Amino acid sequence: MVEGGQPTATDEAEAHSGRMNLWKSDGGFDAYVPHAMAKLARLPRGAALLAGLGILILVVVLDGAGRSLGLRLVPLYVPLLCVMSWALPRRWAVGFATATALVALLPDIWASPTAPGTATVGNALVRAAVYVFLALLIAAYRRAYDEADYRAMYDGLTGALNKVPFQAAVVRHLTAARRGRQTLLAACIDLDGFKAINASYGQAAGDAALRAVSQEAMSAVRGSDLVGRLGGDEFGFLLGAASAQNAEGLAHVLHQRVTTTLVKSGLPLSCSMGALIVGPGTTLTEAELFQSADELMRRAKAEGKGTVLTEAAPGN
């Protein structure tokens, strides 16, 4: 962590679950479904399992009570199984599917006190096979969904947020910071001389440099801060700060850590940074803030590459 001087490791799993907070449903069934799926995916496994078992018991009771009225509520097991297969890990989902098939026998046993016949047992085995197949199918889709969602959110090379989700997250962070009267630091970093690296050392060397910069930057900030790849060799940052003086210090520390990483790479690279101190009174939008930070970064390049320029945003 930059603030406080104590570095912390970035928890990828926590960041991946936290990514769901970057999106908001715009309304409508087609927008609500993925939003609800994302909410469901974030449920703690233990809580989801206990809730699923509780609902399963309720369905069994209703199914048993319905037999006296000539109703069979077997179809109710399927949507419950689908939801649980999405919320639980694959092994847990298979176990829940097997348990559902066995528990679904109880209403038949209650209706007939005699020992289950061959047909009843055969139906239970078929139902168990179908339920397990359904659980595996949904678990496979969940894995593909997570992978596609991760690729949409994060840059595959550097692990930083892609530009669009980064911008969306900045908007919400700005709103929360203004409500909480918090100071922020909006910054842009660009690698000096990067285009020549690919030509002279090969694309693999350039990719390695981008990965090193991103990893160092993400390890230097807190989990609540934002790091995004804005395009090419340019990265954007939004960091929380205790004060304007603290924000300026964060900018210099972050720039120094990235510079040290580039020096260690052995490549003729440096980085220029433009950093805007965003006070609670600032009314600039996300686009205006990062346009100003980008202009500062270009001024830093013009005045001497490898430097950092900081300014206070209007309204501070």
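I take two strands as paired if DSSP finds at least two bridges between them. The model I examined is predicted.

**Entry: strands 4 and 5.** I looked up the pairing of strand 4 (residues 270-278) with strand 5 and found it parallel, over five bridges. I then looked up individual bridge partners in strand 5. Met273 is bridged to Val308, and Ile277 has Ala312 as its bridge partner.

**Entry: helix 12.** I followed the chain from strand 4 through helix 12 to strand 5 and noted a left-handed β-α-β crossover. Helix 12 (residues 286-303) packs on the sheet and touches strand 1, strand 3, strand 4 and strand 5. I recorded an angle of about 140° between the direction of helix 12 and that of strand 4.

**Entry: helix 11.** I found helix 11 (residues 244-265) lying across strand 1 (183-192), strand 3 (234-241), strand 4 and strand 5. Helix 11 runs at about 165° to strand 4.

Entry: In what order do the five strands of the open sheet stand? I read the order as 2-3-1-4-5, with mixed pairing. Strand 2 (226-231) and strand 5 (308-312) are at the edges; each has a single partner strand, so one side of each lacks a neighbour in the sheet. I noted that neighbouring strands of this sheet are turned against each other by 20° on average, direction ignored.

Notes:
Residues numbered from 1 in each chain as written. Predicted model: local features only at pLDDT ≥ 70, side-chain atom pairs only at ≥ 80, totals over all residues. Heavy atoms only, no water. Helix = DSSP H or I, 4+ residues; strand = E, 2+ residues; numbered from the N terminus. Axes fitted to C-alpha atoms, helices over the stretch in contact; angles between N-to-C directions. Contact = heavy atoms within 4.5 Å. Right-handed = clockwise from strand over helix to strand, strands pointing away.
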